[in-house]
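Hi,

Here is the structure I promised to pass on.

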Amino acid sequence: MSDQEKNLMYKTSNILKKDTSMMKLNDIIEELVRVIESKTKDE
């Protein structure tokens, strides 16, 4: 795993507050989109 991949995995795990290392990419993207949508609704 490259440093870039490790960094991205760390950041997504931090944002989603759970281990994303075993998640499918689609699932990670869906959850990230939910987080972004919920944050933009507040503004």
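Predicted model: local features only at pLDDT ≥ 70, side-chain atom pairs only at ≥ 80, totals over all residues.

Let's begin with helix α2, which covers residues 25-41. Which residues of α2 are buried? They are Ile28, Glu31 and Leu32. Looking down the axis of α2, you'll see these buried residues within an arc of 100°, so they line one face of the helix. Part of what covers them is α1. On the face turned away from that buried side, α2 carries the exposed residues Asn26, Arg34 and Lys41.

Now for the charges. Side chains of opposite charge can pair when their charged atoms come close. How many salt bridges are there? The count comes to two.

One joins Glu31 to Lys18, with the closest N and O atoms 2.9 Å apart. Glu31 sits in α2 while Lys18 is in the loop between α1 (3-16) and α2, so this pair ties together parts that are 13 residues apart in sequence. Glu31 has a relative accessible area of 19%, which makes it buried, whereas Lys18 is partly exposed at 37%.

The other links Arg34 with Glu30, and here the closest N and O atoms are 3.8 Å apart. Both belong to α2, four residues apart, so about one helical turn separates them. Glu30 is partly exposed, at 45% relative accessible area.

Cheers

Note on methods. Residues numbered from 1 in each chain as written. Heavy atoms only, no water. Salt bridge = Lys/Arg side-chain N within 4 Å of Asp/Glu carboxyl O. Helix = DSSP H or I, 4+ residues; strand = E, 2+ residues; numbered from the N terminus. Buried < 20%, exposed > 50% of the residue type's maximum accessible area, 1.4 Å probe, protein only. Arc of directions from axis to C-beta. Contact = heavy atoms within 4.5 Å.
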